[in-house]
Amino acid sequence: VIVPPSLYNNIGSVLIHQKKYQDALGYLETGSKISMQTNNRRSLAGAYTNLADAWHNLGDNAKSYDYGRQALQISRALSDRRSMANAMINIGAALSALPDTALRGRHIDPAGRYAMSVAYLDSAIRLAGDIGDPVTKAEAYRNLSEISEAGKDYPLAFSSMRAYQELHDTIINNENQKTILRKFIQYD
């Protein structure tokens, strides 16, 4: 019996949200191997996106960038815009933190690092907006704010942080409203 790769990917994703990045790697790598064996490209894109996120948070931006690029390539082939947006967030974040030697090894001019990071994050924001995904859009704005601040582009950092906070507040308020509505329904 083959366990669905989505099971491993979901466990890995939960571990990432719990900030247990090292623990997530094993599940995500197993999920990606099963995805390759079963030719499940959608699941493989998800595993690679999560691997990029985990490696970024563990400080290995070379692996994060490489997994992000693979996830983006698969997502584009599938025309999966949500997955594309998430991969672009990971690529933008990893690019901003890659050492110059790693950039040159990937044929990227270090002088263009900031502009490339911003371009990936801008694309992620547009895609997330087009599909009505406020969570992904907020994450892209948060990353854009951090990268812009590091790049000393303070107006962009400020406007991105403001957009992130507005989206984040909307997401939280919507969740609170749903919780209150559920409580009223349970009470009735």
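Tutor: Let us start with serine 148, which is buried, with a relative accessible area of 0%. This residue is found in helix H8, and, since the model is a predicted one, what follows describes predicted coordinates.

Student: How is H4 built, and which of its residues are buried?

Tutor: One can compare the span of a helix with its expected length, and then ask what covers it. H4 comprises residues 61-78, 18 residues in total, and reaches 25 Å from its first C-alpha to its last, close to the 26 Å expected at 1.5 Å a residue. Its buried residues are Asn61, Ser64, Tyr65, Tyr67, Gly68, Ala71, Leu72, Ile74 and Ser75, and what covers them includes helix H3 (41-57), helix H5 (81-97) and helix H7 (113-130). Just after H4, serine 79 takes a positive phi of about 55°.

Student: Which residues have the most contacts inside the largest nonpolar core?

Tutor: In soluble globular proteins, nonpolar side chains tend to be buried together. The largest nonpolar core here has 45 residues, and those with the most contacts inside it are Tyr48, Leu51, Tyr65, Leu72 and Leu95. The largest share of this core, eight residues, comes from H5. Taking tyrosine 48 as a case, and leaving aside its neighbours within four places in sequence, one finds it in contact with Ser32, Met36, Tyr67, Gln70, Ala71 and Ile74.

Student: How many salt bridges does a search of the whole structure find, and which parts does the pair of arginine 42 and aspartate 80 tie together?

Tutor: The search finds six salt bridges. In one of them the side chains of arginine 42 and aspartate 80 meet at 2.9 Å, N to O. Arginine 42 lies in helix H3 and aspartate 80 in the loop between H4 and H5, so the pair ties together parts that are 38 residues apart in sequence. Arginine 42 is partly exposed, with a relative accessible area of 48%, whereas aspartate 80 is buried, at 19%, where the cut-off for buried is under 20%.

Student: Where do aspartate 133 and arginine 82 lie, and is aspartate 133 buried or exposed?

Tutor: The side chains of aspartate 133 and arginine 82 meet in a salt bridge of 2.8 Å, N to O. Aspartate 133 is in the loop between H7 and helix H8 (134-150) and arginine 82 is in helix H5, 51 residues apart, and the pair links distant parts of the chain. Aspartate 133 is buried, with a relative accessible area of 8%, whereas arginine 82 is partly exposed, at 42%. Salt bridges that share partners also join Glu139, Arg142 and Glu146 into one network.

How values were computed: Residues are numbered from 1 along each chain as its sequence is written. This is a predicted model: local features need pLDDT of at least 70, side-chain atom pairs count only at pLDDT 80 or more; totals for chains, interfaces and linings use all residues. Side-chain values use heavy atoms; hydrogens and water are left out. Helices (H or I, at least four residues) and strands (E, at least two) are DSSP runs, numbered from the N terminus. The expected span of a helix is 1.5 Å times one less than its number of residues. Buried means under 20% relative accessible area, exposed over 50%, partly exposed in between (1.4 Å probe, protein chains only). Contact means heavy atoms within 4.5 Å. A salt bridge is a side-chain nitrogen of Lys or Arg within 4 Å of a carboxyl oxygen of Asp or Glu. A nonpolar core is a set of buried Ala, Val, Leu, Ile, Met, Phe, Trp, Tyr and Cys residues joined through side-chain atoms within 4.5 Å.
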